[in-house]
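Please look through the sequence and the structure shown here, and keep both at hand while you work through the exercises.

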Amino acid sequence: MIISLNWLNEFVEIPCNAREFAYKLTMGGLEAESIVCLNEMLGSARAGEIKDIKKGNINWITVNIKERDIEIATRLSLQIGDKIAVVEAGGEVGKKKVQKMTFGSRTSYGVICSTQDLGMENEELIKLEKEVENGTYLKDIKEFNDCLITFDITPNRGDCFSMLGIARDASAIFNKPLKKLEYNLEEEEIEQKIKVTLKNTKDCPRYSARLLKNVNIKESPFLIRFRLLKCGIRPVNNIVDITNYVMLALGQPLHAFDVEKLEGNEIIVRDAKNGENIITLDEKERTLSENMLVIADKIKPIAIAGIMGEKETGVTEKTRNVLIESAHFDPVSVRMTARKLSMHTDASHRFERGVDPKNTMEAANYAAHLIQKYTQGHIIQELVDVKTTSFPEKEIICSYNDIREIIGYDIKDEKIRNIIKNLHMGLEDKIEEFLVHIPTFRFDLFQCEDIAEEVARIYGYNNIPSILPSTPLIPQKKDKLATISEKIKDTFLNNGLSEVINYSFVNIEELEKYNLIENEIVKINNPLSLEQNVMRFTLLLGLLNNVILNVSRSVLRVPLFEIGKIFIEGEKGKLPYEPLTLGIALFGRRYEPCWHEKEANFDFYDIKGFFEDVFYLIGADVEYRQTQNPFFHPQKATDVLFKGKTIGHFGEIHPEILYKTRLKTKNAVILGEINLAKIVEKSKKLIFFRHLPKYPLVIRDISLFMDKDILVGEILKTIEDTDKHIDKIYIFDLFTKGKEKSVGFRIILRNDEKTFTDDEVQYIINKVVQKIEEKFAARLRR
Amino acid sequence: MREILEKLNQGIKEIRDLENLKRIKAEYLGKRGYITKLLKNISTLPAEEKKNYGEMINSLKKEAEKIFSQKNEGIRKEIENLSLEREKLDISLPGRRYAKGSLHPLNIVLREIEGIFEGLNFSIEEGPEIEYELYNFDMLNMPKEHPARDMHDTFYIDEDILLRTHTSPVQIRVLREKVPPLMFISPGKVYRRDADVSHSPMFHQVEGMIVDRKVSFSHLKGIMTVFLREFFGEETRLRFRPSYFPFTEPSAEVDIQCIICRGDGCRLCSYTGFLEILGCGVVHPNVFKAAGYDPKIWKGLAFGMGVERMAMLKYGINDIRLLFENDYRFLKIFA
Ligand SMILES: [Zn+2]
């Protein structure tokens, strides 16, 4: 909502400058988003009269600014005699200098000012009144000495979408009385009747209107046009402009019908029929349904109630007689209809938030007065005002103590009473409580808490002290999964992985492209774009895209991880399953360039190491099995099994997938993810204390040759099971030679009872060698 | 005796290494050394001379040992000095650092926020990111026809299942599952259909709640002030101004003094001198009623803030999209 201070001043006295005013209202709950003071923008703009126009590709106009004529080039189409705002070359407007401009052989010696030059929202030519003397500086005209303040009105304050509404809050904040609009209605006794029938009094409890005859449709006077422009509304013609002007002034949306186009001098407010059509003022055909409220004549709907009028019965240049509708519509009804039709208008915006039902007649009268004044129309004496209720005021019972308790500060009774009264509410003191009469323009006050807020905001939030609560201290337990994922993060950070956060939504086509598609995808009904139309059920796509982006930007080393939820569709009508998942992506150089490590690229064993760290941290026992997942390289990747079920996979991505990424790289992309929620839930990290060895540990190295396809993991398990004295086994050497490989095992033996003898050691080692030789057809390397 | 010592000094004068010094020491003090021999001679002397002779030789021995140990120390130092010269490192070469990763800036900020609230005895509660419309709106005093729903442009999964637009539904879940008094925050991802330089369709929020018998708006001011001063610095100026949220009454928006212009007005703060940082309020009685609490007995305070905004302010990031692009070079800045 944009307000003009000049205009607002007609409703309440403004005792300070624009900035202070905006600040005080902001602190009172009406947030001022921006301030534009026109006088700071006017520069050297002056009134000029168009004396001559030479049309062409560019129009050349001659403008008189009193002491001389200047030539200006423009693309606007203007008329001789128009009085416009111009700035001569060398001057400035909108804080910008104006220069001479040459077009071919001719020079333009100035510019024509638009409303945008003055910092207004819409770009529109500034057309001044004919009476303004040529050459007058705009800063000497009253309507240009104005500041515009844009307020961000919260949805509960429907009453603030007008000068009157803002003035009411200002009057409470500054403790100034409201001024009353002064005007006379000159009604005429002419026989002309409009019959109004309300068929749905719940959604339309009141319908007021004024009938005017012999109006003269033309452009509105400068004051009305310019004030509309200030508030961001484009002028149309005097009737439409006046309805908008009254809406901005009083908050009551109005609509003007061309009476001669109505069938049967009759207005019926009724529910629409299913499938009924209407072409609205924006020239769109709309199909209505039963629960929408319409204004109709005898035959057809002529407006969608509170939203927009019909085109056919709207005001045109030929209109002679108009009916000004000023009705009250139910906020919920208007909101639901507007939503269903995807329409949003200045009228619906206000009706949805609540318009004062007691003010309809006042708005209709004010509009009638303005129409009479500016179009020489005749106001018919017979007024229309059909209503089914007198709109009694709501009452709220509250006590001074309740208010003090909610606020937590000892504001005196007297102060509370004054604030409530200044907000134009009636207050009746009872014995221990008081009764507040809520004016009909306030749609947001229901209970004592609401009154407490009213008191607090006018009292000033910053005048209320800050105190720490004394809520009892209760030991707080931290969630196991959250604690572990924080630990994992720390481990990864210390090992060189960086964390990413990817969007939870992904593109289903991309999932298909990379063979990542599965059945139980959660789809978004109304995605923002096709790139984000389903919820992710894997972190792999996001991580793959992170690698692609980084590689395309020539990043040579990409070690990343993500911990986040994935989404798996559940039963119909139930929430999906959202397991916390851990993903890793590795690409390119293992080390940052340095002098102490040989250059090498990330491979399978890097990602395995990271995941092993995680399993160790959680205390999870997992198994590895050659992967079945088509996203991964069949030989250089593994599935991870936990308690017999696959809970993740990692390794190099399939060369076919790499090809589809269009990445120009020979390096492997290494990705992986595991369902963290599942393994954390069923694992427990146990730490047993074991005393340090009392007798010296024995270290023995053995190297064996074997077929290169034998899994070393199997041998490790075999060695472990050979003898209870085997404490640890390391693999210290590994190389391949033809079809064979050599593996070096370092075996640590521990005896807690005594020192080993050489014979005992040899016995164990022999047993190990023998077992491996038998089971894996390996042979000892001498 | 003096002769002996003189000779000894002469003999070791040119010695530069420990090997030779040891050899000469043996010649004098070893089992068959010269001085040892002299001491052995004692047995051949008459009894009355034995005492004198013994004392004399012993002091000679001590003197000799002293000379040797001084010489030994001298040579060792000399050798050490020589090797110190030779074993020179290029101390300017960078050290062997193990690569460190970086936490995502949003999680750095989130950890900081969580840390402050944990210090104030708040617990951390989480909930699903896909929620029932009932929990996300209706039970928070936002029925279907409520205009405040316009502020939450919502992604729908099903007719009444949606991507949560705030973490407030966690509050409903906690209210229903736990026993008051309660103090908790609920951090997490939330979703709104909105995308530009300052809006992301997915973003992070931290909301918090206190439920107790006697809490009021001034306590809310207390908690928020402590938190914001801890986060933005002790000197940070705050202002509380009235606002509107359907689930609180009274409601407030908290602004901090602009961190760029310190209140003079600049582009970041749209020339207001203040930056909007969080919303808060006294829990609306309807929310308590929906969760099965008697609003006459239980009072509540609630607040919420956007983590992206806090992070962007803290690090001076001007485009929210950078946070979700995951350019490794961007991430590494926060290591
Ligand atoms: Zn600033």
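The exercises below concern a predicted model, and each is followed by a worked solution.

**Exercise 1.** Find how helix α10 and helix α11 of chain A are arranged relative to each other, and which residues meet.

Solution. Two packed helices are described by the angle between their axes and by the distance between those axes. In chain A, helix α10 covers residues 400-407 and helix α11 covers residues 413-422, and they pack at an angle of about 90° with their axes 10 Å apart. Angles from 65 to 115 degrees count as roughly perpendicular, and therefore α10(A) and α11(A) are roughly perpendicular to each other. The next step is to look at the contact itself, where A:Y400, A:I403 and A:R404 of α10(A) meet A:D413, A:I416 and A:R417 of α11(A). Sorted by type, the residues of this contact are three nonpolar and three charged, with no polar ones.

**Exercise 2.** Describe the interface of chain B and chain A, starting with how many residues each chain gives to the contact.

Solution. Chain B contributes 91 residues to the contact and chain A contributes 86 residues. The size of an interface is often given as the accessible area lost when the parts come together. For chain B and chain A, the buried area is about 7,800 Å², of which 56% is on carbon and sulfur atoms. Turning to the interactions, there are eight salt bridges across this interface, and B:R241 forms a salt bridge with A:E31, in which the closest N and O atoms are 3.5 Å apart. Between the two chains, 40 residue pairs are in polar contact, counting pairs in which both residues have pLDDT 80 or more. On the side of chain B that touches chain A, helix α8 (residues 217-232) of chain B supplies the largest share, eight residues. That side of chain B divides into 41 nonpolar, 22 polar and 28 charged residues.

Notes: Residues are numbered from 1 along each chain as its sequence is written. Chains are lettered from A and ligands numbered from 1 in the order in which they are written. This is a predicted model: local features need pLDDT of at least 70, side-chain atom pairs count only at pLDDT 80 or more; totals for chains, interfaces and linings use all residues. Side-chain values use heavy atoms; hydrogens and water are left out. Axes are lines fitted to C-alpha atoms, for helices over the stretch in contact, and angles run from 0 to 180 degrees between N-to-C directions. Helices (H or I, at least four residues) and strands (E, at least two) are DSSP runs, numbered from the N terminus. Angles under 35 degrees count as roughly parallel, over 145 as roughly antiparallel, 65 to 115 as roughly perpendicular and the rest as oblique. Contact means heavy atoms within 4.5 Å. Ala, Val, Leu, Ile, Met, Phe, Trp, Tyr, Cys and Pro count as nonpolar, Asp, Glu, Lys and Arg as charged, and the others, Gly among them, as polar. Buried area is the accessible area (1.4 Å probe) that two parts lose on being put together, summed over both. A salt bridge is a side-chain nitrogen of Lys or Arg within 4 Å of a carboxyl oxygen of Asp or Glu. A polar contact is a pair of N or O atoms within 3.5 Å; within protein, one must be able to donate a hydrogen and the other to accept it, and residues adjacent in sequence count only if both atoms are side-chain atoms.
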